[in-house]
Amino acid sequence: PYVFREANGLHALWLCAGKQVRRDFRLHRDGTATLPVVCGYPHPLRVLPPAPVAPDALPMTARLAALSDIHGQFELMRRLLRAKDRMDAAPDQDWPIPRLAELSAVSPAYFARGFKQAFGLPPHRYLLTRRIERAAALLRDTDAPVIDIALQTGWRSIGTFGRIFRDITGESPGECRLRARNALDTRGGMPECVVRAVERPD
């Protein structure tokens with residue numbers, strides 16, 4: 001969360017499914033505060049009181065710039081998540097940078113740079129990974145021909161599909177399907193959600 005200290009307490013901001021969630025908290029007697037579990041965050045957070053800083057430690061312009069940067073990063077992340085959610089919902093569609101930037105209300109160059117910093121992959125590579133993830137699930141769970149799966153997940157060329165699939169997963173689509181079928185007898189009672197999480201490409 002983004003935590004902001006006020007006179008009588010503090011407030012925290014979370015990004016939950018692309019939406020902003022705000023909670024206000026009172027301080028304990030020792031100046032600390034405890035933030036509960038919100039948006040699936042795994043454990044509560046204890047916020048310590050700020051360390052004393054001399055008024056002249058930093059010039060006023062630097063302090064204002066730092067505060068502005070915090071708010072700017074939060075707003076940018078909210079906008080980036082909006083575009084990321086659209087790609088996750090429809091990875092079979094084409095998502096050129098200008099279209100994603102328009103969804104995020106930022107320039108194409110700013111979007112591309114911010115997306116990679118936030119999620120660790122350029123937008124195009126992220127989209128390819130989501131397509132391959134969907135294709136791998138269809139290979140495991142259906143008997144559809146590989147070419148039909150490629151077209152269904154947004155690929156126009158079966159050759160490009162096979163090359164990118166191997167690049168991301170380390171195996172061909174046929175090898176992925178064969179391995180999944182051979183593994184059916186060795187999974188035992190392992191839940192399907194656990195299997196999918198383990199086999200999800202990075």
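**Notes on the model**

1. Setting aside neighbours within four places in sequence, Arg 131 is in contact (heavy atoms within 4.5 Å) with Pro 91, Asp 92, Gln 93, Asp 94, Thr 153, Gly 154 and Trp 155. This is a predicted model, in which local features need pLDDT of at least 70 and side-chain atom pairs count only at pLDDT 80 or more, while totals for chains, interfaces and linings use all residues. Residues are numbered from 1 along each chain as its sequence is written, and side-chain values use heavy atoms, with hydrogens and water left out.

2. Arg 131 belongs to helix 4 (residues 123-141), and its relative accessibility of 6% is why Arg 131 counts as buried (under 20% relative accessible area, with a 1.4 Å probe and protein chains only). A polar atom of the Arg 131 side chain lies 2.9 Å from the backbone oxygen of Gln 93.

3. Helix 4 packs against helix 6 at an angle of about 95 degrees, the axes being 10 Å apart, and the two helices are therefore roughly perpendicular to each other (a term for angles of 65 to 115 degrees). On the helix 4 side the meeting residues include Leu 128, Ile 132 and Leu 139, and on the helix 6 side they include Phe 161, Phe 165 and Ile 168. The residues of this contact divide into 9 nonpolar, 2 polar and 2 charged.

4. Ser 172 sits in the loop between helix 6 (158-169) and helix 7 (173-182), and Ser 172 counts as buried because its relative accessibility is 17%. Leaving aside neighbours within four places in sequence, Ser 172 is in contact with Phe 165 and Arg 166.

Note on methods:
Helices (H or I, at least four residues) and strands (E, at least two) are DSSP runs, numbered from the N terminus. Buried means under 20% relative accessible area, exposed over 50%, partly exposed in between (1.4 Å probe, protein chains only). A polar contact is a pair of N or O atoms within 3.5 Å; within protein, one must be able to donate a hydrogen and the other to accept it, and residues adjacent in sequence count only if both atoms are side-chain atoms. Axes are lines fitted to C-alpha atoms, for helices over the stretch in contact, and angles run from 0 to 180 degrees between N-to-C directions. Angles under 35 degrees count as roughly parallel, over 145 as roughly antiparallel, 65 to 115 as roughly perpendicular and the rest as oblique. Ala, Val, Leu, Ile, Met, Phe, Trp, Tyr, Cys and Pro count as nonpolar, Asp, Glu, Lys and Arg as charged, and the others, Gly among them, as polar.
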